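Open the model in your viewer and keep the selection tool handy. We will walk through some charged pairs and then step into a pocket.

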Amino acid sequence: MPKRTTDELGDLKAFAAVAHAGGFREAARLLQLSPSGLSDAVRRLETHLGVRLLHRTTRSVSVTEQGAQLLERITPAFAELSLALKTVTSSRDKPAGNLRLNVPVNATRLFLAPLLTRFLQRYPDISVEVVAESGVIDILAAGCDAGIRYDERLEQDMIAIPIGPREQRFATAAAPALLEQFGRPQHPHDLLKLPCLRGRFAKGNLERWTYQRDGEMYHIDPHGPLIYSGGSAVDMGVAMAAEGVGVIYLFEAWLQPWLESGQLEPILEPWWQTFTGPFLYYSGRKLVPPPLRAFIDFVKTSDSYPG
């Protein structure tokens with residue numbers, strides 16, 4: 001049955017072309033088909049409908065009354081189909097619609113804003129919704145087109161491309177006054193003697209502080225007067241670290257303004273861990289909508305994309 005429907009559409013198109021062209025030869029020239037093929041198509045359609053649609057003579061072809069009625073109905077329908085196809089095709093050159101991204105909080109703080117600003121300037125007909133979360137979710141179940149995550153948290157059956165800075169570090173810092181009081185750590189284990197501010201992930205587990213140097217790696221579970229949400233309360237934790245409440249462990253780029261101002265002092269810098277930057281990921285099992293395709297292509301041509 002589905003094949004019969006496809007044949008009917010082709011036969012209807014053939015009939016309309018012959019009727020508008022006034023003959024099989026001219027219609028065949030316009031469609032770049034054979035006159036005999038068009039004749040067979042019209043004959044199939046007439047047999048299927050049980051009525052004659054065209055009067056044929058050796059010199060001319062004209063539309064019957066039933067053919068004229070059918071032509072009147074299908075002409076605007078074919079025009080609508082043509083317009084719909086042109087609209088979809090043109091969206092490749094000028095994409096429009098909505099793009100919904102699920103991203104970690106640090107992405108919104110560290111690199112996403114300038115990237116999206118340039119993207120929206122280039123594609124003014126696209127609207128972007130950013131859902132920022134500290135936990136890992138199923139982006140498809142959440143109704144998102146794509147997500148941003150680090151490699152160890154990428155979901156299965158996903159296509160991933162680099163986005164944002166390709167190398168990042170976790171920094172450790174404290175207010176100078178705190179370090180004057182407790183001393184400046186020379187080894188990660190020295191942090192166990194200082195008050196520390198720790199973040200808690202969305203799943204409830206506390207972050208471990210990781211340090212690496214000359215092939216040695218240390219995981220520290222520090223203690224201190226404050227535990228803050230790893231997503232929404234990070235800025236509060238940084239502000240309290242600057243006030244001297246405790247040592248903080250966070251993305252270097254996040255702490256950079258405080259380090260440059262001198263409100264926070266870097267500690268244990270030779271031990272800071274370097275890791276690969278995040279990825280934009282999306283389903284490899286679904287058609288990529290035009291807004292997401294435009295964003296993917298934009299990310300691939302951005303300055304931060306490797307190669």
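Start by selecting Arg208, which is partly exposed at a relative accessible area of 45% (buried means under 20%, exposed over 50%, partly exposed in between, with a 1.4 Å probe and protein chains only). Helices (H or I, at least four residues) and strands (E, at least two) are DSSP runs, numbered from the N terminus.

A word on what you are viewing: this is a predicted model, where local features need pLDDT of at least 70 and side-chain atom pairs count only at pLDDT 80 or more, while totals for chains, interfaces and linings use all residues. Residues are numbered from 1 along each chain as its sequence is written, and side-chain values use heavy atoms, leaving out hydrogens and water.

Next, select Arg169, Glu252 and Glu269, which salt bridges with shared partners join into one network.

Then go to Arg109 and Asp235, a salt bridge with its closest N and O atoms 2.5 Å apart. Here Arg109 belongs to helix H5 (residues 105-110) and Asp235 to helix H8 (residues 234-242), 126 residues apart. Arg109 is partly exposed at 40%, and Asp235 is partly exposed at 42%.

One more pair to click on is Arg184 with Glu180, at 3.2 Å from N to O. Glu180 is exposed at 59%, whereas Arg184 is partly exposed at 34%. In the whole structure, a search finds 15 salt bridges.

Last stop: the second largest pocket. Select Leu9, Lys13, Ala16, Ala17, His20, Ala21, Leu30, Leu31 and Phe78 to show its lining. Which helix gives the most to this lining? H1 does, with six residues; helix H1 (2-21) and helix H2 (24-31) each supply at least two.

Methods:
A salt bridge is a side-chain nitrogen of Lys or Arg within 4 Å of a carboxyl oxygen of Asp or Glu. On a 1 Å grid over the protein atoms alone, a cavity is a set of points where a 1.4 Å probe fits but cannot get out, and a pocket is an open set with protein on both sides within 12 Å along at least five of seven lines; lining residues have an atom within 4 Å of a point.
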